[in-house]
Amino acid sequence: MPKNSKVVKREIDDDVIESVKDLLSNEDSVEDAFKKSELSVNDSEEKDVDVEEGSDVEDERPAWNSKLQYILAQVGFSVGLGNVWRFPYLCQKNGGGAYLVPYLILLLIIGIPLFFLELSVGQRIRRGSIGVWNYISPKLGGIGFASCIVCFFVALYYNVIIGWSLFYFSQSFQHPLPWDQCPLVKNSSHTFVVPECEKSSATTYYWYREALNISSSISESGGLNWKMTICLLAAWVMVCLAMIKGIQSSGKLEIMLEPKVWREAATQVFFALGLGFGGVIAFSSYNKRDNDCHFDAVLVSFINFFTSVLATLVVFAVLGFKANIINEKCIIQNSERIVNLLNRGNLSKAIIPQHINFSSITAKEYNLVYDIIQKVKEEEFPLGLKPCQIEDELDKAVQGTGLAFIAFTEAMTHFPASPFWSVMFFLMLVNLGLGSMFGTIEGITTPIVDTFKVRKEILTVACCLVAFCIGLIFVQHSGNYFVTMFDDYSATLPLLIVVILENIAMSYIYGIDKFMEDLKDMLGFSPNQYYYYTWKYISPVVLLSLLVASIVQMVLSPPGYSAWIEDKATEEFQNYPTWGLIVCMSLIFLAMLPVPVVYVIRRCNLIDDSSGSLAAVSYKRGRIIKEPVNLEGDDASLIHGKSPSEVPSPSFGKNIYRKQTSSPAVDTAPNGRYGIGYIMANMSDMPESDL
C-alpha cells in the first residue's frame, strides 16, 4: 500500500496521538495543546505551565505539598551542625559580636545572591545540578558531576557525626550519666582513678576512650569499633528510609581589620547556606516555575543567620555555666593546697588576710590570696597552685566534636535532671544532622535520576549501602582522624571552585542579561539591579579572593591532624604520613576531575552526539531533550510526508513525540523512575536564552 495513503497515515496519526497521551502522564511541563486528546503541530507559541492540582494530567516530577514544607526543607538543609558548633567558635575566636559585622556584610554580597542564583536555576530548569549546568553550558556540565562527588564525600563523614550523636543519645538514659565521673580501677592492694582520665577529665576520657577508643595515630587502624559501626549503620538506615519516601517528607572591634577574620566569615557564609552542594538546586527543582524564589532566598538566609546567633547565645550560656563550675572546683582544690602549705609551715599564716575563710572562699578572695603568695614566694612559686581565672577557661576556644561531645557533656553533668538535658541535646544534634543529610543525599540522587532515568528508590539504597561500606574507615579506632582529613580536604576547596564556576557560567557564558530576563519572565518582576552587579562583578572577585586565601593557607599550614596521646592524656599535632598526603590531594583531585573531563569531551567532540550517550543529552526549558537515535527514514517520512533529507527541524512549540518501537517496555511510573520511553525531535531553532 502506498506510504501516503490515507489509511496508513490515519494509523500512524493514531499511533502518534497514543504516544502523546502516554507522554502526558510522565512529562513534567507540557504545552496546552498536548493537554488535549489530539496532537497539534501548528501552535505558534508554547505555554510552559505546571500541572494544576486535580488535573487529569499527572506531573512526572513530584512537587512540594505546600510552600511551608519547601521552606522547612531548605532551612533543614542549611541549618546544620555547623550552626551549633562552628559559628559560636568563630564568634568566640574573632572578637565576639564584632565578628557579626563581616559575617553580615559577606552574607549580603555573596551569601544571599548566590543562594538566590541556585534557587532560580533549579526552579526554572526543574532539574538537579547535572541537568542545570548541562543546560547553562554543556562544556561546563562537569560542574554538576563535581557537586555530586563533593556531596558524596561530605555525606560519608557527616553521617558518622550523626552516628556519634546517636551513640551519646542512647547512653543518655542513665543516672548518673556515664561520663559524669572518672572510672575506678581496682587491684589487689587499692583502688585508683584511671590515669588517663585523671590527667584529662571524665568527659574527655569518655569521648576518646569509651566512645571512640581512639588510636595514637592515623597509621594505627586498630580495627573496627563495633559500637560506632552499629551507630553508623543505624544512621544510614534512617537516611535511606527517609529518602526513599521522597521529598514529602562584645569584643575588640580592631579585630575586624584582620584578613583572616573576613576569610573565615566568608567560608562560614559559604557552607552555612550549602552553596555548591546541589541540594539547594535539587530542592528548588520541585517548585512551580512561578514561585517567588527571591523571597525564599532572603527568608532562608536570614533564618539561618538568626538560628546561628541564637545557637551562639545558648552555647555561650552553657560554656559560661561550665566555666563557673570548673573555676569553683579549681578554687576549692587550690584552697586545700594552700591550707596544707600553711599547716606544713611552707607558708606563713601572717601573709594571709584575717578575713579570709578557706572553707567558704570566694573567687575574688582566692585571687587576692594567690597574688599575695605569688609576690611573697616569687622564687618558689607556683608551689603547685593555679590562678583559677574564669577568663582563662572562657578563652579556651572549643569547636566541633570538642564542643558537642566534651564541653557540652561536661556542662550537662552539672544540670539538674542531667539525663533529660542530655537526651534533648543529642536528639537535637541528630535532627540537625539528618536535615542536612537529606539535602546532601538529594543533591546526589536528584541529578542522577534526572539525567540517567534510574529508579530513585534503587539508586538511594545503592548510594546509602556504598556510603556505609566506605564509611567503615571512619569507625576504625583511627576513624576520627579520617573525619578530620575529609572535612579539611574533600569539601572546602572543591566546593569553592564549584561555586566560582557556577557564578562565571551564569554571568559570563550564559549571560547575565539573559538570566535577568529569564528571572523577570519567571517571577513576574525584575530583580533589583543589586543582583546584576553582585553576580557580574562583586561575587566573582570576592570568591576568587577567598580561593587564593584558602590556597595560601593550605600551602603555609602543614597538613596534619591532632592525635590523642594516651600516655599524656592530651592532643598533639602530627603531620600526615606520605600516603595520607596522597589521599588528601586525591580527594581534591577526584572532586574536581569531572570539570576538565567533561569540558575536553565536549570541546573535542570525543563522544558522538548521535550515539545515544550522555553527551547526546541536552536540556531545554527544564525538560530532557534527546536527539533521535537510529530513527528509520521510513518512519520520519510517514510523519512529515517527506523524505528524511527533506524533513525540516520543527520550531519550539511544534514538537513531535514518537514512541520507541525498538525499546522494551519499561515502567513509566512518576518520580523519575526509569526513562519515559519517548524520543523528542531536535528543536534547533529554540533560543538558547529560554530557560
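User: At what angle do helix 7 and helix 9 cross?
Analyst: This is a predicted model. In it, the axes of helix 7 (residues 142-171) and helix 9 (residues 202-211) cross at roughly 110 degrees and come within 13 Å. Angles of 65 to 115 degrees count as roughly perpendicular, so helix 7 and helix 9 are roughly perpendicular to each other.

User: Which residues make the contact?
Analyst: Helix 7 gives Trp-164, Phe-167, Tyr-168 and Gln-171, and helix 9 gives Tyr-206, Trp-207 and Ala-211.

User: How does that contact of helix 7 with helix 9 split by class?
Analyst: There are 6 nonpolar residues, 1 polar and no charged ones.

User: And helix 7 with helix 22, what's the angle there?
Analyst: Helix 7 and helix 22 (residues 578-592) pack at about 145 degrees, and their axes are 7 Å apart. On helix 7 the contact uses Ala-146, Ile-149, Val-150 and Phe-153. On helix 22 the contact uses Leu-587, Leu-590, Ala-591 and Met-592. By class, that contact has 8 nonpolar residues, no polar and no charged.

User: Switching to the surface. Which residues make the nonpolar patch?
Analyst: Tyr-508, Ile-509, Tyr-533, Tyr-537 and Ile-538 make a nonpolar surface patch of about 500 Å². Helix 20 (492-523) and helix 21 (529-556) are the elements that give two or more residues to the patch.

User: Which helix gives the largest share?
Analyst: Helix 21, with 3 residues.

User: Where does Ile-509 lie?
Analyst: Ile-509 is in helix 20.

Methods
Residues numbered from 1 in each chain as written. Predicted model: local features only at pLDDT ≥ 70, side-chain atom pairs only at ≥ 80, totals over all residues. Heavy atoms only, no water. Axes fitted to C-alpha atoms, helices over the stretch in contact; angles between N-to-C directions. Helix = DSSP H or I, 4+ residues; strand = E, 2+ residues; numbered from the N terminus. Parallel < 35°, antiparallel > 145°, perpendicular 65-115°, else oblique. Contact = heavy atoms within 4.5 Å. Nonpolar A, V, L, I, M, F, W, Y, C, P; charged D, E, K, R; others polar. Patch = residues over 30% accessible without salt bridge, like charges linked within 9 Å, V, L, I, M, F, W, Y side chains within 5 Å. Areas by Shrake-Rupley, 256 points an atom, 1.4 Å probe, with all protein chains shown as cover. Salt bridge = Lys/Arg side-chain N within 4 Å of Asp/Glu carboxyl O.
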